[in-house]
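Subject: Handing over a structure

Hello,

Here is the structure I promised to pass on to you. Please open it alongside this message, and then read on for what turned up in it.

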Amino acid sequence: MKLDKIKFARIIGYIERVYALNLNQNDVEKLDNLIDIEVPVQEKLYVSAELVDELLRQMALGNKIPAIKAYRELCHAGLKESKDAIEGYWVAKSNLDVDNFGVRNVSN
């Protein structure tokens with residue numbers, strides 16, 4: 001992917017305004033040649049339905065460590081990030097289970 005013409009024109013305009021320059025055609029061509037590089041396109045990653053099912057199953061069962069492992073594999077996250085995400089779910093869920101008067105809602 002290359003920098004498109006509109007973005008390039010905006011950059012040139014910005015440079016001219018900020019630095020009070022009046023760039024001529026030769027200067028613009030030099031700048032264009034400097035930034036004319038290919039940027040690799042990010043490969044799309046798709047998640048596995050089995051991984052999602054495993055994460056949801058472990059969370060429903062209340063199995064914290066297997067849920068963290070499943071989250072790590074699913075999101076390609078580190079241990080701390082995964083642990084914080086899983087623990088954050090249980091904190092948020094427990095806060096939703098308590099009404100405004102501090103009474104735990106029990107729904108069956």
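The largest nonpolar core has 10 residues: L51, L55, M59, A67, I68, A70, Y71, L74, A77 and I86. By nonpolar core I mean a set of buried Ala, Val, Leu, Ile, Met, Phe, Trp, Tyr and Cys residues joined through side-chain atoms within 4.5 Å. Buried stands for under 20% relative accessible area, exposed for over 50%, and partly exposed for anything in between, using a 1.4 Å probe and protein chains only. Two or more residues of this core come from each of helix 3 and helix 4 (64-75), and helix 4 gives the largest share, 5 residues. Apart from this core lies another one, of 5 residues, including I12, I15, L23 and V28. In soluble globular proteins, nonpolar side chains tend to be buried together.

Before going further, a word on the basis of all this. This is a predicted model, in which local features need pLDDT of at least 70 and side-chain atom pairs count only at pLDDT 80 or more, while totals for chains, interfaces and linings use all residues. Residues are numbered from 1 along each chain as its sequence is written, and side-chain values use heavy atoms, with hydrogens and water left out. The pLDDT is the predictor's confidence in each residue, from 0 to 100; its mean over the protein chain is 78, and 76% of the residues reach 70 or more. Among the elements, helix 4 has the highest mean pLDDT (92) and helix 2 (residues 25-35) the lowest (76). Helices (H or I, at least four residues) and strands (E, at least two) are DSSP runs, numbered from the N terminus.

Now to helix 3 (residues 49-61). Which residues of helix 3 are buried? They are L51, L55, Q58 and M59. These residues sit on the same side of helix 3, because they cover an arc of only 100° around the axis, where the arc is that of the directions from the helix axis to the C-beta atoms. On the face turned away from that buried side are the exposed residues E50, L56, A60 and L61. After helix 3 comes G62, with a positive phi near 80°.

Not counting residues up to four places away in sequence, L55 touches A67, A70, Y71, L74 and I86. Q58 counts as buried because its relative accessibility is 10%.

A70, in helix 4, is buried as well, at 4% relative accessibility. Beyond four places in sequence, A70 touches E54 and L55.

Between helix 4 and helix 5, the loop holds H76. H76 is not a glycine, although its phi is positive, about 55°. With a relative accessible area of 66%, H76 is exposed.

Lastly, L79 belongs to helix 5 (residues 79-96). Is L79 buried or exposed? L79 is exposed, because its relative accessible area is 52%. Leaving aside neighbours within four places in sequence, L79 contacts I68 and R72.

Happy exploring!

Terms used
Contact means heavy atoms within 4.5 Å.
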